[in-house]
Amino acid sequence: MTARDPTGFLGQEYRELVDAQANWTLHELAGPSTPWCTIDGRKVLMFCSNNYLGLSNHPRLRAAAEEAIRTHGVGSGSVRSIAGTMDLHLDLERRLAKFKGSEASLVYQSGFATNAGLIPQLVGDGDLVVSDELNHGSIIDGVRLSRAERAVYHHADPADLARVLDAAEEHRPEYRRILVITDGVFSMDGDIAPLDRIAAEAAKHGAMVYVDDAHGEGVLGEGGRGIVSHFGLGRDRVHVEMGTFSKAFGVVGGHISGSRALVDFAFNRSRTWLLSGSAPPPVAAACRAAIDVLENEPEHIRRLWSHTKRFQSTMRDLGFDLGASATPITPVMVGENAVARRLSARLLDLGVFALPIVYPMVAKGKARIRTIMNAALTDDDVGHAIAAFETAGRELGLL
Ligand code: PMP
């Protein structure tokens, strides 16, 4: 045996990432995620957080978290299934179900843990998952864990979904179950899945429908209730409505809403839920407070949309390509990785923090700056961002 360093690949593979300019460099946020914040020691306008409504620093959420630390401490002491189910968790779940208009809701530690834990329990050997080609990585990993067969349909294309389901029908009754799964709002493009037509196709084939509404909650639907509300769909059409508290809700944690049977099944079977510590008390309390804010302060969602409309129409008038965005996620398409990097760096010089999204996160030639609107911005802030894009866009020959 030679005395080879068994960890030698770590440095080697990291250097390969750096050479391919595919490595992450982390940016330090000193202080809260507010519109003007300090990143890497510079005061900049935050233009790419998921904090759509500015709730991560909302006084009601802060107060709820502080109060929960006083009354319940900083940790739950256990997984939910043993000794870690506090009144705060049950209260949050009741509150969420009421907000969503569902029979029941269940809170997980994160959105990723929800998809990775639940999907492999809904389908397994002998089943089929039919997935949008641009679904989030946590869905892809959940499907991989499931051992179900996987078919992919063209992005947001119900006609192609119909084609895939028709082909699957030929195999029946070999498939025990079929699950159709889609993001609600696509995180890289900001377009909305045609969930009404997707659910209609699924219903024709007796398939379950699972929507990941991480980017639709707090944004779409009545009072920010999300994509199921946006399309006015019944619970008989969308069986699993999944979401996260880490985006518009401003905190952290995943969740599902649906039937009581779904929730009872999910918490008895999801390994991520059963085998991982439950949400700390301040987190559960702040999530609950976020629902209160959504119900009582509709102005945040109004501002989010009015900023979004202004930003998108002005940017399009200037000549920027914003892809298919129909939500506060606005990609500014530039094509090549290097151009996206240069644009992001120039925007930072001009005081706007918006990161490039490049291959392999998106297809080759589809590099972009992904901006995400925030209700806490002022009109002047939005104007500042537009002016920075215009200046940088002209300098780089994009306009
Ligand atoms: N689904 C989608 C569509 C997401 O964008 C994300 C977050 N990037 C997740 C799931 C995971 O959510 P969480 O941050 O709560 O783990």
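This is a predicted model: local features need pLDDT of at least 70, side-chain atom pairs count only at pLDDT 80 or more; totals for chains, interfaces and linings use all residues.

Is Tyr153 buried or exposed? With a relative accessible area of 0%, Tyr153 is buried, and if we leave out residues up to four places away in sequence, the residues that Tyr153 touches include Val130, Ser131, Asp132 and Glu133, then Asp160, Leu161 and Val164, and also Ile181, Thr182 and Ile198. As for Leu165, it lies twelve residues from Tyr153 in sequence, and the two C-alpha atoms are 9.4 Å apart in space.

In helix α7, which spans residues 195-204, Ile198 is buried together with Leu195, Ala199, Glu201 and Ala202. Viewed down the helix axis, the buried residues of α7 fall within an arc of 160°, so they line one face of the helix. What do these buried residues pack against? Their partners are the strands β6 (149-153), β7 (178-183) and β8 (208-212), along with the helices α6 (158-169) and α8 (227-230). After α7 comes Gly206, whose phi is positive, near 65°.

Now let me step back to the whole chain, which is divided into domain 1, made of 14-46 and 298-395, and domain 2, covering 59-296. The contact takes 17 residues from domain 1 and 17 residues from domain 2, while the centres of the two domains, taken over C-alpha atoms, are separated by 27 Å. Between them the domains bury about 1300 Å², with 64% of that area on carbon and sulfur atoms. On the domain 1 side, Ile301, Thr327 and Ile329 supply 35% of the area buried against domain 2, which is more than any other three residues.

Turning to the polar side of this contact, the count is six residue pairs in polar contact, both residues being at pLDDT 80 or more, and the count of salt bridges between the domains is one. Which elements of domain 1 give two or more residues to the side that touches domain 2? They are α12 (299-318), β11 (329-335) and β14 (367-372), and α12 gives the most, with four residues. I would finally point you to Asp189 and Arg368, whose side chains meet in a salt bridge at 3.0 Å, N to O.

Notes
Residues are numbered from 1 along each chain as its sequence is written. Side-chain values use heavy atoms; hydrogens and water are left out. Buried means under 20% relative accessible area, exposed over 50%, partly exposed in between (1.4 Å probe, protein chains only). The arc is that of the directions from the helix axis to the C-beta atoms. Contact means heavy atoms within 4.5 Å. Domain bounds come from an automatic or database domain assignment. Buried area is the accessible area (1.4 Å probe) that two parts lose on being put together, summed over both. A salt bridge is a side-chain nitrogen of Lys or Arg within 4 Å of a carboxyl oxygen of Asp or Glu. A polar contact is a pair of N or O atoms within 3.5 Å; within protein, one must be able to donate a hydrogen and the other to accept it, and residues adjacent in sequence count only if both atoms are side-chain atoms.
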